[in-house]
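Subject: Structure handover

Hello,

Here is the structure I said I would pass on. My notes follow it.

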Amino acid sequence: MIKTGIYSFYIVILFDFITKILLTYSIDTFNRFSFIPKFIIIVFLLLITLKLGERKKINLLILYLGMFILTLIAFFSLYRDYNYIIVFKHLYNLSLYSYPFILVTFFRVLNKQEKKIIIQAIEKPIYIIGVISSILIILGLITKIELFRAYSFSNRFGYNGIFLKTSEASYYYICLLILSTYYFFIEKKKKIVSLLFLTTSLLIGTKIVWLCIALLIFFYLFEKNKKITTTTILILVLVYFLFRKTIDNFLIVLLPNGEKLYKENGMFTVLTSTRDLLLEQTIIFSNENWNFINYLFGGNKYGLYKVEFEFLDLFFLFGFLGIVIFYFFLKNNFFKKIKGKFSCYLLIVVLTCAFFAGNFFKSFLVFSVFYFVFQNLIYKEEVLLENNEAY
């Protein structure tokens with residue numbers, strides 16, 4: 001199972017990269033190879049889970065299945081003029097959100113030692129892929145090869161290396177940065193690699209990576225001196241409001257389409273990359289068309305009314321029921337598992353970035369890496385606690 005897990009991880013990355021090549025250069029052939037290994041792995045995990053799992057250990061899957069059915073009913077109550085293509089796309093998007101429940105349930109049915117061995121074995125491949133991608137990001141910066149750019153054949157700055165999607169590259173590096181921070185400050189090793197990840201993460205060109213780094217700096221300073229850090233933050237906020245126009249003018253030059261978006265819609269639209277406009281459009285549609293069932297179970301077409309604020313997307317897709325289920329999913333499987341500050345940092349940073357960026361729960365690669373890194377930090381912090389108790 002360890003070898004299967006490691007090989008599966010590499011195969012997913014390889015098929016993503018093949019898909020990226022085909023899409024970047026518009027090769028006229030089947031180009032959705034990235035779906036194949038992910039589908040096989042999901043089916044494999046699901047079959048093992050159902051075979052090994054007791055009723056109480058697979059309640060997450062039962063919960064998701066109930067939410068899936070209710071959301072589908074809400075979808076059909078909202079849209080009368082649907083066709084098979086629309087229904088298929090909606091079913092596909094709903095299915096993507098099943099993966100976190102399947103992955104977590106799979107590791108719940110394993111015994112603790114099996115789970116620990118498998119998860120710890122995946123840490124090295126995560127680092128190796130991070131190093132390979134960082135090299136390709138630097139190569140892309142030097143050579144301007146379109147394949148390694150985040151936004152191919154455009155004038156927008158950004159490089160995502162080996163990754164198919166820029167959002168996946170961002171989350172991947174966020175997880176790497178926190179894991180590297182642990183090594184840098186606690187175990188005093190892998191410093192060169194940590195600095196490599198920090199440098200190349202800035203070259204991705206997304207705001208959530210900058211948000212991650214800002215949050216990590218804040219946590220570090222807050223640990224050192226809470227009073228001075230809080231005072232500094234308040235001063236910076238005050239400075240922004242006093243010199244808001246000057247600072248805004250500086251920022252809009254740096255951000256993609258900043259000047260145009262600022263003139264048409266204001267600074268908030270610039271910072272959210274038009275997500276506020278998508279949210280406004282979705283709210284208008286929901287207010288005009290939703291009924292009681294939709295508020296409970298969602299039902300909006302994901303492709304048409306996608307905000308890319310993760311938890312708002314959950315609401316518009318799954319309704320209040322979905323928000324409640326995902327809340328308990330995170331609470332019971334992540335918040336309650338926290339052992340120390342680094343696992344807490346990872347959870348806070350990733351969920352904060354997900355709120356402003358989206359594509360967290362529905363991405364196979366993103367949630368997998370997040371889960372493995374989170375669990376690895378749990379195991380490392382357990383060792384630290386045991387050593388401290390021994391002294």
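Let me start with the salt bridges. Lys306 pairs with Glu308, and the closest N and O atoms of this salt bridge are 3.9 Å apart. Please keep in mind throughout that this is a predicted model. Lys306 has a relative accessible area of 29%, so it counts as partly exposed, since that class lies between 20% and 50%. Glu308, at 30%, is partly exposed as well. In total the count comes to six salt bridges.

Another of these joins Lys339 to Glu382, with 4.0 Å between the closest N and O atoms. This pair links distant parts of the chain, as its residues are 43 apart: Lys339 sits in the loop between helix H16 (310-333) and helix H17 (341-357), and Glu382 in helix H18 (residues 364-390). Lys339 is partly exposed, with a relative accessibility of 40%. Glu382 is partly exposed too, with a relative accessible area of 26%.

The salt bridge between Glu146 and Arg149 has its closest N and O atoms 3.1 Å apart. Are its two residues buried or exposed? Both Glu146 and Arg149 are buried.

Next, the surface. A nonpolar patch is formed there by Phe35, Ile36, Phe39, Ile40, Val43, Leu47, Phe88 and Tyr92, and together they have about 780 Å² of accessible area. Two helices, H2 (35-52) and H4 (84-96), each supply at least two residues of this patch. H2 gives the largest share, with six residues. Phe39 is one of the patch residues and is placed in helix H2.

Then the pockets. The largest pocket has a volume of about 2,100 Å³. Its lining is made up of 50 residues, and those nearest its centre are Lys207, Ile208, Trp210, Leu255 and Leu271. Several helices each supply at least two residues of this lining, among them H7 (166-187), H10 (226-242), H14 (275-289) and H17. The largest share, seven residues, comes from H9. By class, the lining of the largest pocket has 29 nonpolar, 13 polar and eight charged residues.

The second largest pocket has a volume of about 990 Å³. It is lined by 31 residues, with Ser34, Lys38, Tyr92, Leu96 and Lys165 closest to its centre. Tyr92 also belongs to the nonpolar patch described above. Helices H1 (2-24), H2, H4, H5 (99-109) and H7 each supply at least two residues of this lining. Which helix supplies the largest share of the lining of the second largest pocket? That is H2, with six residues. The lining divides into 14 nonpolar, ten polar and seven charged residues.

Regards

Technical notes
Residues numbered from 1 in each chain as written. Predicted model: local features only at pLDDT ≥ 70, side-chain atom pairs only at ≥ 80, totals over all residues. Heavy atoms only, no water. Patch = residues over 30% accessible without salt bridge, like charges linked within 9 Å, V, L, I, M, F, W, Y side chains within 5 Å. Areas by Shrake-Rupley, 256 points an atom, 1.4 Å probe, with all protein chains shown as cover. Salt bridge = Lys/Arg side-chain N within 4 Å of Asp/Glu carboxyl O. Helix = DSSP H or I, 4+ residues; strand = E, 2+ residues; numbered from the N terminus. Buried < 20%, exposed > 50% of the residue type's maximum accessible area, 1.4 Å probe, protein only. 1 Å grid on protein atoms, 1.4 Å probe; cavity = no way out; pocket = protein on both sides within 12 Å on 5 of 7 lines; lining within 4 Å. Points joined across faces, edges and corners; volume = space filled by probe spheres on them. Nonpolar A, V, L, I, M, F, W, Y, C, P; charged D, E, K, R; others polar.
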